[in-house]
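Subject: Structure for your files

Hello,

Here is the structure I said I would pass on. My notes follow below it.

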Amino acid sequence: MNNNHTDHPDETENGYIKIDRYNEGKIASVANHYSDILTQLGEDPSREGLIKTPERVAKALQYLTHGYDLDPAAILKGAMFKEDYSQMVVVKDIEVFSMCEHHMLPFFGKAHVAYIPNGHIVGLSKIPRIVDAFARRLQVQERLTNEIRDCIQETLNPAGVAVVIECKHLCMAMRGIQKQNSVTTTSAFTGEFAKDKTRAEFLRLITANLH
């Protein structure tokens, strides 16, 4: 995807884009394809309940995949600060919504992200934003986990990064094996988190109820 819908510079800041406008040409093209799909499914796209459905679906897809137009590294670089802090920083229970690239059905859940600073920290809101930037693409959970880890490691150069994602996949719940209560957990670690003691502390923190 290109940046055609970012013609409003006031909506772009440090790689983060608030999506409330759409690429009308792209919307029209995708909507036409969805009208044909409805016909192939045996529906009448001209009936009252479906007249605007192709356009709605096209707009929804553009929003759900707007991560292609975001630069996660730029998001982090926009709020990096020198700081003499070398203990673990954990942001847990980050809501994740993404689309499985195999069936284009949603998967959703939570991400837990930690890093150990090595001279720089990052604004805390940027961690959920890069999670969203990678999640708002056609994805598999395994790659999503690695992309978040690698972005933080390569941009901040911390002493270590840890990412754990727990999600339910509608491609498993609504079709195929149809197991509604299954949860998929993926993890990725670098640096200090490769050590059992550090990784154990991270896992304890993300499962602890500190409220």
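Cys171 is buried in this predicted model, because its relative accessible area is 12% and the cut-off for buried is under 20%. Cys171 sits in helix 6, residues 170-173. Apart from neighbours within four places in sequence, Cys171 is in contact with Cys100, His103, Leu105, Pro106 and Gly176.

His103 belongs to the loop that runs between strand 4 (89-100) and strand 5 (106-116). With a relative accessible area of 38%, His103 is partly exposed, whereas Cys171 is buried. Again leaving out neighbours within four places in sequence, the contacts of His103 are Cys171 and Arg175.

I also looked at Val96, which lies in strand 4. Val96 counts as buried, at 1% relative accessibility. Not counting residues up to four places away in sequence, Val96 touches Phe107, Phe108, Gly109, Lys110, Ala111, Val131, Ala135, Leu144 and Cys167. Phe134 is 38 residues from Val96 in sequence, and their C-alpha atoms are 9.8 Å apart.

Regards

Terms used: Residues numbered from 1 in each chain as written. Predicted model: local features only at pLDDT ≥ 70, side-chain atom pairs only at ≥ 80, totals over all residues. Heavy atoms only, no water. Helix = DSSP H or I, 4+ residues; strand = E, 2+ residues; numbered from the N terminus. Buried < 20%, exposed > 50% of the residue type's maximum accessible area, 1.4 Å probe, protein only. Contact = heavy atoms within 4.5 Å.
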